[in-house]
Amino acid sequence: VVPSLPPLPPPSPPVFPPMPRPPPLPPRPPLLPGTVFAAAEAELRNHIDEAIAEKRSVSVLLEPGAHIKLSRLLECDSNIKVIIFSSDERATLDGQGKSGLFRLRGGCSLTLR
């Protein structure tokens, strides 16, 4: 008579290594004087309002992938230049179905790139 062996334990579930961390974001590009970053509507408005108060032009670089929903008109009533641009095609100024999102007076010029 052959002695019986104890039953084998059930197989263990596979152990997977932890997920690797995503790569770090690339560094922001160097800014030209007068250029600021914005990733949200409040930041965009604040930069424009400060430029108007200080009577200086401003270039606003939208963060890559930014989706800025405009809740009301962007207004400029000073003789300054406002440039809003993105380093890639994924940044969006969203008018949420509205038109006439910019009111420019007093010699203000706006460039969107």
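Colleague: Is the link of C76 and C108 right-handed or left-handed?
Modeller: This is a predicted model, in which local features need pLDDT of at least 70 and side-chain atom pairs count only at pLDDT 80 or more, while totals for chains, interfaces and linings use all residues. Residues are numbered from 1 along each chain as its sequence is written, and side-chain values use heavy atoms, with hydrogens and water left out. C76 and C108 form a disulfide (a pair of cysteine sulfur atoms within 2.5 Å), with their sulfur atoms 2.1 Å apart. At 100 degrees about the S-S bond, the link of C76 and C108 is right-handed.

Colleague: How many disulfides does a search of the whole structure find?
Modeller: A disulfide is a covalent bond between the sulfur atoms of two cysteines. Here C76 and C108 form such a pair. For the whole structure, the search finds 1.

Colleague: How many residues apart in sequence are the parts that C76 and C108 tie together?
Modeller: Helices (H or I, at least four residues) and strands (E, at least two) are DSSP runs, numbered from the N terminus. Because C76 lies in strand β4 and C108 in the loop between β7 and β8, the pair ties together parts of the chain whose separation in sequence is 32 residues.

Colleague: Are C76 and C108 buried or exposed?
Modeller: Buried means under 20% relative accessible area, exposed over 50%, and partly exposed in between, with a 1.4 Å probe and protein chains only. Both C76 and C108 are buried.

Colleague: What separates R45 and E41 within helix α1?
Modeller: Both R45 and E41 are buried, with E41 at a relative accessible area of 17%. Helix α1 covers residues 41-54, and because R45 and E41 are 4 residues apart in it, their separation is about one helical turn.

Colleague: Which residues does E41 touch, not counting residues up to four places away in sequence?
Modeller: E41 has its place in helix α1. Its side chain is also joined to that of R45 by a polar contact of 2.8 Å. Contact means heavy atoms within 4.5 Å, and leaving out residues up to four places away in sequence, E41 touches I68, K69, L70, S71 and R72.

Colleague: Which ring does the charged end of R113 sit over?
Modeller: A charge sits over a ring if NZ of Lys or CZ of Arg is within 6 Å of the ring centre and within 35 degrees of the ring normal. For R113 the distance to the ring centre is 4.9 Å, and the ring is that of F85.

Colleague: Where is Q96, which has a positive phi although it is not a glycine?
Modeller: Most residues other than glycine have a negative phi. K55, in the loop between α1 and β2, has a positive phi near 50 degrees and is exposed at 66% relative accessible area. Q96 has a phi of about 50 degrees and is partly exposed at 43%. The place of Q96 is in the loop between β6 (92-94) and β7.

Colleague: How far apart are the C-alpha atoms of P17 and L112?
Modeller: P17 lies in the segment before β1 (35-38) and counts as exposed, at 66% relative accessibility. P17 and L112 are 95 residues apart along the chain, and their C-alpha atoms are separated by 46 Å.

How values were computed:
Polar contact = N/O pair within 3.5 Å; in protein donor to acceptor, adjacent residues only side chain to side chain.
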